[in-house]
Amino acid sequence: TYQRSYFTLDKVRVTFDDQITFSNIDNSKIFNESWRVVEMKSPWDLPRDYLDKLIPIPRRRFSKYCKGMESLCLF
């Protein structure tokens, strides 16, 4: 589960996910993620470096699904 907030910034859709919690099917294992996840989606016709200039911070890949599987030792 997670809490999601939506914003628009100069033609770019931005979502913030926090309060991320992973649990297995019967809730016998629960893991709370300390990271917050930001996702940006832009129109296809914007230049490739547009987001880098708009928000000049390093990017890092993060998958809530993969992190949950890893945190719960399911793969």
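Cys66 counts as partly exposed, at 37% relative accessibility, where partly exposed lies between buried, under 20% relative accessible area, and exposed, over 50%, with a 1.4 Å probe and protein chains only. Please keep in mind that this is a predicted model, in which local features need pLDDT of at least 70 and side-chain atom pairs count only at pLDDT 80 or more, while totals for chains, interfaces and linings use all residues. Residues are numbered from 1 along each chain as its sequence is written, and side-chain values use heavy atoms, with hydrogens and water left out.

To stay with the cysteines, the structure holds 0 disulfides, a disulfide being a pair of cysteine sulfur atoms within 2.5 Å. Cys66 is in no disulfide, and the nearest cysteine sulfur, that of Cys73, is 14 Å away, which is too far for a bond. Cys73 itself counts as exposed, at 62% relative accessibility.

Turning to the rings, a search of the whole structure finds 3 aromatic pairs, meaning rings of Phe, Tyr and Trp (its six-membered ring) with centres within 6.5 Å, where planes under 30 degrees apart count as stacked, over 60 as edge-to-face and the rest as tilted. One of them joins Phe7 and Phe16, whose ring centres are 5.6 Å apart with planes at 80°, so the pair is edge-to-face. Phe7 is partly exposed at 45%, and Phe16 is also partly exposed, at 38%. Trp35 and Phe62 form a stacked pair, 6.4 Å centre to centre with 20° between the planes. Trp35 is partly exposed at 42% relative accessibility, and Phe62 is partly exposed at 31%.
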